[in-house]
Amino acid sequence: MKQLISWMLIGLWCGSAQAGPSSVLSDELSNQPNVIVILADDMGWSDVGYHGSEVRTPNLDSLAQAGVRFDRFYVQPACSPTRASLMTGRNNQSLGIYSPLSKLAPTGLPLSVKILPQYFKDAGYQTYLVGKWHLGFRQPDYRPTARGYDHFYGNLTGGIGFWDHVHGGGLDWQRNGVTLREEGYATHLQLREAQRLIQNRDQDRPFFLSLHFNAPHLPNEAPEKTVESYGDIADPLRRLHAAMVTELDMAVGEVLHTLADEGLESNTVIWFMSDNGGLNPSAFGGPMLQFAELIDRASLGKSDIPILEFIRVNVLEGRARNQPLRGGKQSVFEGGTRVPALLYWKGQISPQRFKSMVTVQDVLPTLVDIAGISKPDVALDGQSIWPYVSGGVSIEEYISTPFVTSARDGQAYYEYPWKLVAHSSDDVRLYRLDEDPEEQFDLIEQYPDMARALRAKLSSWPRGESVHVPLYRSLIDPDFFGGEEDRKPWAEIFD
């Protein structure tokens, strides 16, 4: 039983916001592009219209058509690991972040590592985070405004209730360390904050905005009108999920309108991605799914035992879709790691489909390159893809960097087009992704030398000391998404 549930517990203002010195700025700084990173939470491969989904995402579809659509964009199978890589350009495992951070974790993303907003702030940018952080908060030094963000509005932990803004028994909604008791749907509130920040910016300096939506992460909650617009979908949970994605897409559209109104369309780079594959019961299978279904039947839909209810909800209520990819969130199969992603810069990037492997580790070096700011003076696991997407270097010369993932079902090592999946020491499989994106054909017997070489590289991959709390602490106090408050707000908690 402990093995069955362990992965779930570890898996699962504004005025003038100006910062920094100087009213006299160089032409070079004033001409640098604004940068917006838009992050969806638990959006599946088949949750966007441009991948053939029934979910309406016209704004994302438009950006994908006009920009660089990444056909093979890879992230970690869960939120905190992906966010760690996004922020650092490094593989999460070397940072000791192997799974979603519990609200009880005393630390978080190591303070010794310079992260994305710090690069932009050091270059004179205004830096904002709107939405979800989930990289540590119980000590002040780990909070967003101590890590390079001038302004933070949103939640520190993982999933929250979209209407009550509660996580794990504590209200998790704040602006720059001050708890907010605001009424409203999280996606709408995040949009309004982003719009205010853009409208009230210092117009003499560029801005860097992390817009990290909670949608469409559990709990399944959305405005009734949007849910009703999906009356043709029979599954009520899928209707809710679709509505959450559409609300996110509408928010993206409103951000685009704000940029246009401010005359910023042609000088703003937008990178959109999901933080991991979508959550869906079909991604589990086997004992875990059977156990959750047993809980559901025995409790008639809701268990009074907290940990059992946490498992039931997380296994059975997700309705993202990753087809035709195999698996989903918290799996090293493609459905857990390959996600919708695009890069857009009006008038500066030609529409194209980038078919080679790109990873979340490449985002930091690429954005730093695009902005023309000081490059990292430390070794990164990612590389800038800007020369290739801008046409400066032939795409045929592009070679993706190795990528390692880990999740409840094992580890994977990518050296595109090859992928080694190690469920255990005795269950190792080899796939060629360019020919078999659905991972149906294990080639380990045909290519034993390749498998041995990749397995050796996986075994030698650097791994940092874990920052996670012991399992038993999460068992006692699960990270519920939404619900009643039974403790102080998280903005007021310091260890």
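How many aromatic pairs does a search of the whole structure find? The search finds 22. Keep in mind that this is a predicted model.

Start with one of these pairs. Y74 and Y414 form an aromatic pair with 4.9 Å from centre to centre. Their planes stand 55 degrees apart, and the pair is tilted. Where do the two rings come from? Y74 lies in strand β2, residues 68-74, while Y414 lies in strand β14, residues 410-415. Is Y74 buried or exposed? Y74 is buried, with a relative accessible area of 0%. Y414 also counts as buried, at 0% relative accessibility.

Now look at Y413. Y413 pairs with W461, and this aromatic pair is edge-to-face. The centres are 6.1 Å apart, with 75 degrees between the planes. Y413 lies in strand β14, and W461 lies in the loop between α14 (448-459) and α15 (471-476). The pair therefore ties together parts that are 48 residues apart in sequence. Both Y413 and W461 are buried.

Rings can also gather in groups. Ring pairs link F70, F73, W271, F354, Y388 and Y398 into a cluster. Charges meet rings too. The charged end of R56 sits over the ring of Y230, 4.0 Å from the ring's centre. R326 lies over the face of F333, and here the distance to the ring centre is 4.0 Å.

Turn next to the strands. Strands of a sheet pair through backbone hydrogen bonds, and the pairing is either parallel or antiparallel. Find strand β11, residues 341-344. Which way do the side chains of β11 point? A341 and L343 point one way, and L342 and Y344 point the other way. All four of these residues are buried.

Strand β11 has partners. β2 and β11 pair in the antiparallel sense, over 2 bridges. In this region R69 stands opposite L342 of β11. Strand β10, residues 268-274, also pairs with β11 in the antiparallel sense, over 4 bridges. Here F272 stands opposite L342 in β11.

Helix α12 comes next. This helix covers residues 363-371. How many of its 9 residues are buried? The count is 8, so α12 is largely enclosed by the rest of the structure. The buried residues are V363, L364, P365, T366, L367, V368, I370 and A371. Just after α12 comes G372, which takes a positive phi of about 70 degrees.

Finish with an open sheet. The sheet has 4 strands, in the order β13-β14-β15-β16, and the pairing is antiparallel. Which strands stand at the edges? They are β13 (403-407) and β16 (427-432). Each has a single partner strand, so one side of each is left without a neighbour in the sheet. From one strand to the next, the twist averages 15 degrees.

Inside this order, look at β14 again. β14 and strand β15, residues 418-424, pair in the antiparallel sense over 5 bridges. Y414 pairs with Y74, and Y413 pairs with W461.

Key:
Residues are numbered from 1 along each chain as its sequence is written. This is a predicted model: local features need pLDDT of at least 70, side-chain atom pairs count only at pLDDT 80 or more; totals for chains, interfaces and linings use all residues. Side-chain values use heavy atoms; hydrogens and water are left out. Rings of Phe, Tyr and Trp (its six-membered ring) pair if their centres lie within 6.5 Å; planes under 30 degrees apart count as stacked, over 60 as edge-to-face and the rest as tilted. Buried means under 20% relative accessible area, exposed over 50%, partly exposed in between (1.4 Å probe, protein chains only). A charge sits over a ring if NZ of Lys or CZ of Arg is within 6 Å of the ring centre and within 35 degrees of the ring normal. Two strands pair if DSSP finds at least two bridges between them. Axes are lines fitted to C-alpha atoms, for helices over the stretch in contact, and angles run from 0 to 180 degrees between N-to-C directions.
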